[in-house]
Amino acid sequence: MLYGLTTLQTYVYYMHYSEDSSFTKFIVALTWILDTLHVSFMCHMLYYYLVKLRHLLLANVVLIHCR
């Protein structure tokens, strides 16, 4: 949800503030690119640990519960 708001805010910025300096436009684009990378890495991490390694997570929960 927050990524969508960032994307919308970036879009609105470029539509309404076209007269801003190139440096400011570069900083806005860089922020959006870094946010995109962050979201993609977080999605990959969640998939890796919650889908690919689910059997290890379940085994740890059972072992901790049995102690």
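Predicted model: local features only at pLDDT ≥ 70, side-chain atom pairs only at ≥ 80, totals over all residues.

Mentor: Let us take the pairing of two helices as the part to examine. H1 passes H2 in a left-handed crossing. The axes of helix H1, which covers residues 2-16, and of H2 come within 11 Å and cross at roughly 160 degrees. Angles over 145 degrees count as roughly antiparallel, and H1 and H2 are therefore roughly antiparallel to each other.

H2 itself spans residues 22-52, and phenylalanine 26 is found in it. Because its relative accessibility is 48%, phenylalanine 26 counts as partly exposed; the exposed class begins over 50%, and buried means under 20%. Phe26 also contributes to a nonpolar surface patch of about 790 Å², which is made by Phe23, Phe26, Ile27, Leu30, Ile33, Leu34, Leu37 and Phe41.

The totals for the chain complete the picture. Of the 67 residues of the protein chain, 6% count as buried. The protein chain exposes about 6000 Å², and carbon and sulfur atoms supply 74% of that area.

Definitions and conventions: Residues numbered from 1 in each chain as written. Heavy atoms only, no water. Buried < 20%, exposed > 50% of the residue type's maximum accessible area, 1.4 Å probe, protein only. Areas by Shrake-Rupley, 256 points an atom, 1.4 Å probe, with all protein chains shown as cover. Patch = residues over 30% accessible without salt bridge, like charges linked within 9 Å, V, L, I, M, F, W, Y side chains within 5 Å. Salt bridge = Lys/Arg side-chain N within 4 Å of Asp/Glu carboxyl O. Helix = DSSP H or I, 4+ residues; strand = E, 2+ residues; numbered from the N terminus. Axes fitted to C-alpha atoms, helices over the stretch in contact; angles between N-to-C directions. Parallel < 35°, antiparallel > 145°, perpendicular 65-115°, else oblique. Left-handed = near helix turned anticlockwise from the far one by under 90°.
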